[in-house]
Amino acid sequence: MTLSPVFRSQHAVQLLEEHGVWTRLEGDVEAQAEAVRIVQADLRTLIAEQFLTEVPLVPSADEVMTPEGLRFLQEYFFLILFRSIFASIGVPEARLKLYTELNFCIKGTITAADNIFDDQAKTLLPLAPNSGARFMSILQLMSFERLLRRVLERGRVKEVLSGAECDAIQRELLDRMASIGRLEGSEEKGVKEILEPEVMLESVHRVRGGDLFALAFAATTVLEEGGLGEKLCIAENAVAQLGTAFQIVDDLTDFEVDVGRRSNNLLVSQIHHHGSKEEKETLVRLWADGEVSEGIVESLFLNSAGSVLDMAYSEARAAFTGLSDLGYWFDPSLAEQVVQAIVGLDGVRRMESLAIGG
């Protein structure tokens with residue numbers, strides 16, 4: 001899972017509109033868009049024009065909260081949410097701006113690395129297309145490494161942080177990213193053991209999903225102290241639970257892919273250890289063949305998938321309750337609806353079937 005575009009279906013958009021979520025996030029959407037513009041402008045000082053394109057990847061200031069700007073909100077929803085949480089807790093404006101730019105660089109770094117792992121070609125920078133998707137991902141990865149340092153240097157010049165704090169943030173980020181990457185690397189040749197659901201949740205999903213989301217707090221861990229630091233620590237734990245919930249949902253929507261490459265998958269674990277006799281026998285065949293027919297989750301594995309979905313609900317409810325206890329405005333009663341809605345277009349039908357089945 002990455003910090004991928006979410007709320008792609010019209011139903012999901014309507015859900016957030018009806019509950020005023022989009023409106024409450026308007027200022028944060030605009031601030032995140034400005035941060036992306038600033039960092040993308042930095043790129044033009046770091047690499048020759050021949051490697052760049054003039055195609056804008058972010059809406060203008062007056063387009064952000066229009067239907068045309070919806071794609072930006074979907075693409076950057078989690079970063080916008082993180083910024084909103086920081087602001088509600090009381091992070092000072094100068095550091096809030098720093099974190100907003102920095103988290104875009106983190107998202108870009110993770111996206112580029114994920115491209116390489118999964119042979120994809122998603123881009124968050126105005127890089128001119130060249131032959132070779134892998135090369136483009138490597139170029140994006142190198143670019144974001146330099147852009148992140150530029151963001152930190154800008155913060156140092158503006159006396160938002162010191163040189164020593166710049167170094168500490170980079171160390172904190174690299175340590176955290178390396179921990180996540182080590183898990184990803186361990187699955188390159190497939191897994192040999194299917195862990196029990198409870199074990200997989202703690203050792204895989206809290207890393208791949210939880211620690212991924214918690215990267216947004218790497219800089220705050222270094223910089224913020226006292227009461228603000230304590231609140232941010234509580235928020236980080238809640239956001240990590242949210243990331244865990246969304247990784248669980250990813251397992252439900254990526255079941256076929258994960259079986260094909262024999263990756264850790266919570267639905268596979270639930271079936272293997274707690275499924276019915278028919279479910280277990282079918283999984284043995286699928287795991288051996290590496291091929292899964294479309295619709296099998298919604299039909300044969302519906303009961304086990306429902307149990308996994310309940311795990312995602314539990315994590316999301318705990319996350320939004322924790323944030324609510326800090327005074328954050330998001331209504332925890334929306335947790336289950338958000339879990340159902342955060343998938344991309346390909347997962348909408350599956351999540352609808354599982355929700356009905358549950």
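## Surface and charge

The chain exposes about 16100 Å², of which carbon and sulfur atoms supply 51%; accessible areas here come from the Shrake-Rupley method with a 1.4 Å probe, and for residues only the protein chains shown count as cover. This is a predicted model, in which local features need pLDDT of at least 70 and side-chain atom pairs count only at pLDDT 80 or more, while totals for chains, interfaces and linings use all residues. Residues are numbered from 1 along each chain as its sequence is written, and side-chain values use heavy atoms, with hydrogens and water left out.

The chain carries 33 positive and 56 negative side chains, and the centres of these two sets lie 5 Å apart. In this count Lys and Arg are positive and Asp and Glu negative, with His and the chain ends not counted, and each charge is placed at NZ of Lys, CZ of Arg, CG of Asp or CD of Glu.

## Overall fold

The secondary structure comprises 18 helices and zero strands, where helices (H or I, at least four residues) and strands (E, at least two) are DSSP runs numbered from the N terminus. Along its principal axes the C-alpha trace spans about 65 × 50 × 40 Å.

Buried residues make up 52% of the 358 residues, with buried meaning under 20% relative accessible area, exposed over 50%, and partly exposed in between (1.4 Å probe, protein chains only). Among contacts (heavy atoms within 4.5 Å) between residues at least 6 apart in sequence, 74% join residues at least 24 apart.

The 24 residues of H8 should span 34 Å at 1.5 Å a residue, and the end C-alpha atoms are 35 Å apart, which agrees; the expected span is 1.5 Å times one less than the number of residues. Within H8, the residues Cys166, Ile169, Leu173, Arg176, Met177, Ile180 and Leu183 are buried, and their cover includes helix H6 (93-118), helix H7 (133-157), H9, helix H10 (218-223) and helix H11 (226-253). Asp167, also found in helix H8, is by contrast exposed, with a relative accessible area of 52%, and its C-alpha atom is separated by 18 Å from that of Met142, 25 residues away along the chain.

Glu187 lies in the loop between helix H8 (163-186) and helix H9 (197-214) and is buried, with a relative accessible area of 7%. Apart from neighbours within four places in sequence, Glu187 is in contact with Val204, Arg208, Ser263 and Asn264. In helix H9 itself sits Phe213, which counts as buried at 0% relative accessibility; the C-alpha atoms of Phe213 and Ala238, 25 residues apart along the chain, are separated by 9.9 Å.

## Loop residues with positive phi

Most residues other than glycine have a negative phi.
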